[in-house]
Amino acid sequence: MHTQLAHQMALALTGDMMFTGVVAVVLLGGLAWFFGALISIVGSNLSGGMKLVWVAFAFMAPFLGCLLWFLIGRHDAQRRLGIG
């Protein structure tokens, strides 16, 4: 009985550690993506006003703002310069 209980507790701890690890990786990845978007926005050749709009949008809606920057805004900034 004690052996079975100890085994179940060990499995529970292993599962908790795996869940914590996955959450940590997702959070760190999200932070890296957010800061990558901010660096990309600030380094773009957009006007100061448009940079401010994109940065404000990234802060107000971090996931959606970064996603839209990488899907639309970055391409649009390059297109305006004739790069892409």
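**Entry 1: burial and overall make-up**

I looked up burial first: of the 84 residues in the protein, 19% are buried. Buried here means under 20% relative accessible area, exposed means over 50%, and partly exposed is in between, with a 1.4 Å probe and protein chains only. I note that this is a predicted model, where local features need pLDDT of at least 70, side-chain atom pairs count only at pLDDT 80 or more, and totals for chains, interfaces and linings use all residues. Residues are numbered from 1 along each chain as its sequence is written, and side-chain values use heavy atoms, with hydrogens and water left out.

I then took the secondary structure: 3 helices and 0 strands, in the order α-α-α along the sequence. Helices (H or I, at least four residues) and strands (E, at least two) are DSSP runs, numbered from the N terminus.

The protein exposes about 6,300 Å², and carbon and sulfur atoms supply 76% of that area. Accessible areas come from the Shrake-Rupley method with a 1.4 Å probe; for residues, only the protein chains shown count as cover.

For contacts (heavy atoms within 4.5 Å), I looked at those with a separation of 6 or more: 51% of them join residues 24 or more positions apart.

**Entry 2: aromatic pairs**

I applied the ring rule: rings of Phe, Tyr and Trp (its six-membered ring) pair if their centres lie within 6.5 Å, and planes under 30 degrees apart count as stacked, over 60 as edge-to-face and the rest as tilted. The count by this rule is 6 aromatic pairs. Why is the pair of Phe34 and Phe59 edge-to-face? The ring centres of Phe34 and Phe59 are 5.2 Å apart and the planes stand at 85°, so the pair falls in that class. This pair links distant parts of the chain, with Phe34 in helix 1 (residues 2–43) and Phe59 in helix 2 (residues 48–60), 25 residues apart. Phe34 is buried at 12% relative accessibility, whereas Phe59 is exposed at 52%.

I also checked Trp54 and Phe57, which make an edge-to-face pair because their planes are at 70°, with centres 6.5 Å apart. Both residues lie in helix 2, 3 residues apart, about one turn of the helix. Trp54 has a relative accessible area of 14% and is buried; Phe57, at 26%, is partly exposed.

Trp33, Phe63 and Phe70 form one aromatic cluster.

**Entry 3: Ser40**

Ser40 is in helix 1 and counts as buried at 19% relative accessibility. Which residues does Ser40 touch, not counting residues up to four places away in sequence? I found Trp69, Phe70 and Arg74. With Trp69 there is also a side-chain to side-chain polar contact at 3.0 Å. A polar contact is a pair of N or O atoms within 3.5 Å; within protein, one must be able to donate a hydrogen and the other to accept it, and residues adjacent in sequence count only if both atoms are side-chain atoms.

**Entry 4: Gln78**

I looked up Gln78 in helix 3 (residues 62–81). Gln78 is partly exposed, at 31% relative accessible area. Its C-alpha atom is separated by 8.0 Å from that of Asn45, 33 residues apart along the chain.

**Entry 5: Leu27**

Leu27 belongs to helix 1 and is exposed at 56% relative accessibility.
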